[in-house]
Every structure is written in structure tokens, then in C-alpha cells.
Amino acid sequence: MDRGTSSSFCRACPWRLSSFKISLSPSPIIPILLLFLLVPSPFFCHVRSLKTADSRATNRTVQPEDELQKLKMIRARLKDINKPPVKIIQSPDGDIIDCVLSHQQPAFDHPLLKGQKPLDPPKRPNGHNSTATATETLQLWRMSGEACPEGTVPIRRTSEADMLRASSFQMFGKKYAAGYVSGDQYYGARASINVWAPNVAEQNEFSLAQLWVNGGTKGVDVNTIEAGWQTFPQLYGDSNPRFFIYWTNDNYQSGCYNLLCAGFVQTNNRFVLGGTANPWSLYNAGQFEFTLMVYKDPVSGNWWLLVEPMIWVGYWPSVLFNHLGGPANIVDFGGEILNSSPSGSHTSTQMGSGHFAGEGFEKAAYFRNLQVVNGNNYLIPVQNLQTWADNSNCYDIQGGTTDAWGNYFFYGGPGRNAGCP
């Protein structure tokens with residue numbers, strides 16, 4: 001989410017964030033910007049507006065008719081989000097997966113996309129040689145072997161409970177541990193991201209690891225595309241690590257998670273945005289990672305999401321953006337948590353594995369093989385990677401370079417401790 005200085009992603013849903021992040025950015029002041037703002041998508045803002053409309057500027061008791069009206073509005077919104085399925089799959093984690101005809105998915109409700117159909121995946125950039133292993137069980141819902149039929153896309157069904165949880169957002173603080181690159185034009189980004197299930201201390205907090213592709217000026221008019229995994233009880237109703245995407249085209253004044261609004265066009269019938277990862281890493285035991293690439297197709301100009309080695313999930317149409325209609329000017333990689341400062345103290349929500357970077361492999365979370373796509377359509381290692389953390393006593397980061405891992409870093413931490421009260 002946003003590292004900028006604006007707090008108005010959604011006026012009803014202002015958040016503050018804390019994070020650990022690596023980025024590629026042309027501005028020399030970015031590395032010292034330690035306070036960022038997290039803002040929820042219109043999905044959240046829409047629901048919150050239902051709540052604030054009932055209670056703002058008055059002390060009156062909420063009447064049954066008010067609650068009934070709120071439920072009516074929620075159910076109307078659910079009809080827009082949940083499209084009629086041709087097949088339903090029950091996931092072991094309780095999710096309901098709807099197989100929706102590709103041309104009926106939410107993306108094509110967007111006025112700029114109406115009447116269109118999903119495009120075919122692009123050719124990969126020059127120099128792309130994936131070492132990832134093909135697997136059909138990146139996500140828990142695939143454990144049964146079921147998948148959606150060809151010509152459909154799997155969409156996690158949104159429930160009334162999801163909407164009601166989202167109606168209780170308040171102000172928060174974000175913290176990051178991350179790396180970034182800047183000072184050039186970037187047509188894509190790629191990284192292998194270690195997956196964990198960090199403890200999230202409060203239901204209204206989250207912990208995530210992702211890459212950011214940014215265009216424009218942060219805090220002013222930034223466009224951003226984000227992809228990775230997150231643990232977010234208030235969004236999903238559990239503490240499982242889940243694959244997610246997010247985008248905004250107006251400095252977080254509006255934006256969208258997964259397929260909760262029109263915009264991102266899904267093309268794959270075997271991958272669910274918002275679906276639980278399977279498996280995830282364990283301390284001093286087996287490690288799990290996935291490799292993501294966000295890539296601007298030089299033919300269409302659209303930004304594609306690849307989960308390697310072969311899952312082209314879909315694309316963000318270039319018409320959704322102004323600045324990202326062209327190349328990105330900053331790329332970030334890293335971890336982020338939401339700190340609600342319970343009882344006035346720092347949260348104990350973990351970032352990454354919940355352990356500091358110095359513990360290393362099998363103990364601390366990592367990003368590796370950090371790459372970008374240059375103006376000649378070549379995938380190359382990042383240059384001049386800068387790393388930083390908001391407060392290294394809470395969460396920290398340590399980077400390096402090896403032949404096997406390329407540019408990498410370990411990151412994370414436990415949150416509240418003796419040095420981070």
C-alpha cells in the first residue's frame with residue numbers, strides 16, 4: 001500500500017501504516033520517508049459509508065430500520081460483486097469459489113471495458129528464464145483437484161459477513177521494511193517471495209509481503225499496482241496467508257483489492273485472487289516461496305500478472321491509469337504491517353516470520369532474485385537497490401547479493417518488544 005504522505009485514499013477510511021520495504025525510485029528523498037498511509041479500496045469505503053451515514057454528527061440510538069437499510073445496501077452491493085456462477089467449489093478453509101463466465105467477470109462492468117473479452121497472455125520479456133517448479137496446489141482450494149471449467153474464472157465469493165467486518169475500519173498506522181529502485185523507466189518487476197503465516201494481533205490489522213509498481217509522484221498523483229500475499233483477518237475472516245492484488249490510479253483516493261471492483265481482468269481458471277496459499281513456511285523447517293512478475297506488454301500496453309512458471313493470472317488494462325499508461329518510475333519490494341497501537345503500545349503483529357532479518361534462512365522471511373524489465377524489454381537484476389525500515393527495533397531488513405539468489409534481502413520482526421514498546 002501507499003508510502004506517500006496523503007491521508008485521503010478514502011475520506012471515510014483514512015489509515016496510517018508501518019512497513020519494511022525495498023524500492024526502485026527516482027527521487028532521492030524516498031528512502032527517508034518512513035511514514036506511509038494505508039487506505040482501503042472502494043469496497044471498504046462503500047461499506048464504511050453505510051456505517052457513518054447512520055451515526056455521524058448525532059448521538060441518537062441506532063434504530064432497527066437503520067440496520068435494515070444498511071443490510072439492504074450491503075445486499076445490493078453484493079449483487080454487483082458476486083456474479084452468477086456456472087459451477088461452485090467449496091474450499092477446505094470455508095471459502096466459496098464461484099466459477100463465472102469470463103466475459104461476465106466484474107472487470108467488464110467498468111465503463112472503459114464494457115463489451116470487451118479477455119485477451120491472450122503476452123510473450124515473456126527477453127531474458128526471462130523461470131526456475132520455478134510447476135505446481136497445481138499453490139492454493140488450498142485446489143487440493144481436491146477441482147478447477148473451474150475453461151471459459152470461466154474462479155472468484156472468491158464475498159459474503160455479508162465480509163462486508164460487515166469491513167464496515168468497522170478505523171484509523172491505523174503502517175510500518176514497512178522494504179527495498180526500492182528508482183531513477184529509470186521500468187516496464188515490469190519480478191521477485192521470489194517467501195510465504196509465512198505471521199501472527200496478526202488485532203483483527204483490524206494486517207501483515208503482508210508484496211511488490212509495488214508505481215507511476216507518478218507519491219503523495220500527489222501516484223498510480224500503483226501491487227501483488228503478493230497478506231494475512232488480513234478483517235478482510236478475509238481468518239489469519240491464513242492469501243495471494244492478493246491491489247491497484248489505485250489516483251493516489252489512493254480510490255482503489256481495489258482483488259476482484260472486488262471493476263478493473264483487473266482475470267484470464268486464468270485455476271487461480272483465485274484472495275485465495276489461501278498452500279503451503280506456507282515454518283520456522284526452522286520447510287520453506288515455501290512463489291515467484292511473481294508484473295509485466296507491461298509492449299504490444300497492448302497492459303500490465304500482466306504472472307505467477308511462475310506458467311500461471312498468467314490476468315492483467316490491469318492500461319486505460320485504467322494515467323501515469324502507468326506508460327512505464328513505472330519506482331519499484332518497491334518488501335513487507336508491511338498495520339499498527340493500531342492497542343492500548344497506546346506498538347502492536348505485536350508480526351512481519352514476515354516474526355523474526356528479525358539477522359536470523360537468516362529458515363528463520364527470517366526473505367525476497368530474492370529481485371529483477372526489473374528495462375526499456376529494451378529485457379529482464380535484468382535490479383541496480384542500486386536501497387533498503388530501509390521505519391523502526392529497526394520493531395522490524396528490520398538486511399540485503400545482499402549472491403550467484404544463487406541474485407539481489408535479496410531478509411526482513412521482518414516481532415513488533416512490540418523491549419526495544420519497540
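Student: What is the distance between the end C-alpha atoms of helix 2, and what span should its 18 residues give?
Tutor: Keep in mind that this is a predicted model. Helix 2 covers residues 64–81, so at 1.5 Å a residue its 18 residues should span 26 Å. The end C-alpha atoms agree with that, being apart by 26 Å.

Student: Which residues of helix 2 are buried?
Tutor: The exposed residues P64, E65, K72 and K79 sit on the face turned away from the buried side. The buried residues of helix 2 are D66, K70, I74, R77, L78 and I81. Their arc around the axis is only 115 degrees, which puts them on the same side of helix 2.

Student: Which cysteine does a disulfide join to C99?
Tutor: The S to S distance in this disulfide is 2.1 Å, and C99 is joined to C148. With -80 degrees about the S-S bond, the link is left-handed. C99 lies in strand 3 and its partner in the loop between strand 3 and strand 4, so the pair ties together parts 49 residues apart in sequence; that partner is C148.

Student: Is C261 buried or exposed?
Tutor: A disulfide joins C256 to C261, with S to S at 2.2 Å. Buried means under 20% relative accessible area. C261 has 16% relative accessibility, so C261 counts as buried.

Student: What is the handedness of the link of C394 and C420?
Tutor: A disulfide joins C394 to C420, S to S 2.0 Å, and both cysteines are buried. With 90 degrees about the S-S bond, the link of C394 and C420 is right-handed.

Technical notes. Residues numbered from 1 in each chain as written. Predicted model: local features only at pLDDT ≥ 70, side-chain atom pairs only at ≥ 80, totals over all residues. Heavy atoms only, no water. Helix = DSSP H or I, 4+ residues; strand = E, 2+ residues; numbered from the N terminus. Expected span 1.5 Å × (residues − 1). Buried < 20%, exposed > 50% of the residue type's maximum accessible area, 1.4 Å probe, protein only. Arc of directions from axis to C-beta. Disulfide = S-S within 2.5 Å.
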